[in-house]
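User: I have a model open and want to go through some local details. Can you take my questions as they come?

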Amino acid sequence: MSNEKRLSFSISALLFMAILFIIFTCLFIFKAEPHIPLLICVGFLAAVGAVKGHSWKDLESGIVSGIRNGVQPIIILCLIGILIGVWEYSGAIPTVTVYALNLIEPQHLLLTALFSCLVISSLVGSSFTTVSTIGVALIGVAAAAGVPLTWAAGAVICGACFGDKMSPMSDTTNFAAGVGELPIFKHIRHMAGTTIPALLITILLFFFMGRSLTAAPASTENIQAIINGIEGMVNISVFTLLSPLLVIVLAVRRTPVIPSLAAGIVSAGIFAALIQPDAGISSFLSAMQNGPVFSADTEAVEKILNRGGLQSMMGSVSLIIIAFALGGLMEKIGMITSLLEGVIKGIHTKGRLVFSTVSSSIGMNLATGEQYLSILIPGQSFKKLYDKLGIDRKHLSRSLEDGGTLINPMIPWGVSGAFMSTALGVPVIEYLPFVFFLYLSPLFSILFGFRK
């Protein structure tokens, strides 16, 4: 890139602040969805690139390159939307919901959600699989039991992201260890230093929040009415759970995610035909496209049952396309490189280095909405500086995981944030205050970085 086209650190920082200003002003003041603010930022950066001498063909190649990186997440989101729809249709999610409503007291729902999602995510190493299976069902339970959905979503996401960070089955865990060139279990052991205190505080917070919930007689009657309503619409059977179990087993066996999700969709169709008396090819295809359509006596039952489908993910898909386009454009005009090179200058201590690594990963998440780039680009940029200062790279990989993997679900235009808000039916901005584990972990990472 020529000197005329190259952006200085100060200009890049100003542009980054301008992007954040546009996004946050539109989100919080004008209450806009994140799509249009991001699209405005794409136009803004394209204009800056043109002023700096980039041709439209050059800028367009950056946009297309960025979108190309989002193809796999887009396919996964589409399949998960279909999967949720067919699991509702086949009775898998309604069965989990009914069983849980019969067993779980409202006071214990938050901790139950946290620990059950934690266990599943540790086994499969995927927050997406965890949220789209037990997470969706638990949100239905919370809605029926009168538990605030923002609280329940926070508990589900905290538990689901635990496995994303700590499971040896997780792709991001292996990726962060690979970027830091560390053995996977050394990486996991070191992460326990920030994970355990963050998790303990999260458990305590959800425990006290749960104690504030009471099951009033009206709530108990409402739960029973919802159970009766679901049972009147769908055949409840333990055999419907074989499809989600298949997906979990395939994930544990490290089967690629797309074939695993496809197997879940096909198996759901088979079990629907065997268990649900009104199942048919036409209605199953409709559930894949738009989610099932059950006409229940109460709106609460319909909200639990009529979810998912390919179309339910289209808002998230369009958001991710725009976010990846913005990230590709930032990369093309040299803004990301300039920012990281500027941050690296003047770092001479472990504390500042860890702080800069976590901050850069968070900034990359905000800029691109992508977990892998928020691990890869800061990791490659800071790796040699850790070696130069004689700091073990385990601090690098932990910082990348805390600032990269865990921040993405807190960003409305992030891949994880877009998916989880759509799947659970709770906007990112609303569940954000309750994902304690996600922001406590990077905080501890920074604090421990300054410890000698």
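This is a predicted model: local features need pLDDT of at least 70, side-chain atom pairs count only at pLDDT 80 or more; totals for chains, interfaces and linings use all residues.

User: Where is Thr-405 placed?
Analyst: Thr-405 sits in helix α20, residues 394-405. Helices here are DSSP runs (H or I, at least four residues), numbered from the N terminus.

User: Thr-405, buried or exposed?
Analyst: Thr-405 is buried, because its relative accessible area is 1%. Buried means under 20% relative accessible area, exposed over 50%, and partly exposed in between, with a 1.4 Å probe and protein chains only.

User: Which side chain does the Thr-405 side chain join in a polar contact?
Analyst: That of Glu-401, at 2.6 Å. A polar contact is a pair of N or O atoms within 3.5 Å; within protein, one must be able to donate a hydrogen and the other to accept it, and residues adjacent in sequence count only if both atoms are side-chain atoms.

User: And which residues does Thr-405 touch, not counting those up to four places away in sequence?
Analyst: Asp-164, Thr-172, Gln-371, Ile-375 and Leu-400. Contact means heavy atoms within 4.5 Å.

User: OK, Gln-371 then. What does its side chain reach?
Analyst: The side chain of Gln-371 reaches the backbone oxygen of Thr-405 at 3.0 Å. Gln-371 belongs to helix α19, residues 371-388, and counts as buried because its relative accessibility is 10%. Beyond four places in sequence, Gln-371 touches several residues, among them Asp-164, Asn-365, Asn-408 and Ser-416.

User: How do α9 and α19 pack?
Analyst: Helix α9 (residues 171-179) packs against α19 at an angle of about 15°, with the axes 9 Å apart. So α9 is roughly parallel to α19. Angles under 35 degrees count as roughly parallel, over 145 as roughly antiparallel, 65 to 115 as roughly perpendicular and the rest as oblique. The axes are lines fitted to C-alpha atoms, for helices over the stretch in contact, and angles run from 0 to 180 degrees between N-to-C directions.

User: Which residues of α9 meet α19?
Analyst: Asp-171, Thr-172, Phe-175, Ala-176 and Val-179 from α9. On the α19 side, the residues include Gln-371, Tyr-372, Ile-375 and Lys-383. By class, that contact has six nonpolar, four polar and two charged residues. Ala, Val, Leu, Ile, Met, Phe, Trp, Tyr, Cys and Pro count as nonpolar, Asp, Glu, Lys and Arg as charged, and the others, Gly among them, as polar.

User: Now α4 and α5. At what angle do they cross?
Analyst: At roughly 65°, and the axes of α4 (residues 71-90) and α5 (residues 92-103) come within 4 Å. That is why α4 is roughly perpendicular to α5. Ile-84, Trp-87, Glu-88 and Ser-90 of α4 meet Ala-92, Ile-93 and Pro-94 of α5.

Key
Residues are numbered from 1 along each chain as its sequence is written. Side-chain values use heavy atoms; hydrogens and water are left out. Helices (H or I, at least four residues) and strands (E, at least two) are DSSP runs, numbered from the N terminus.
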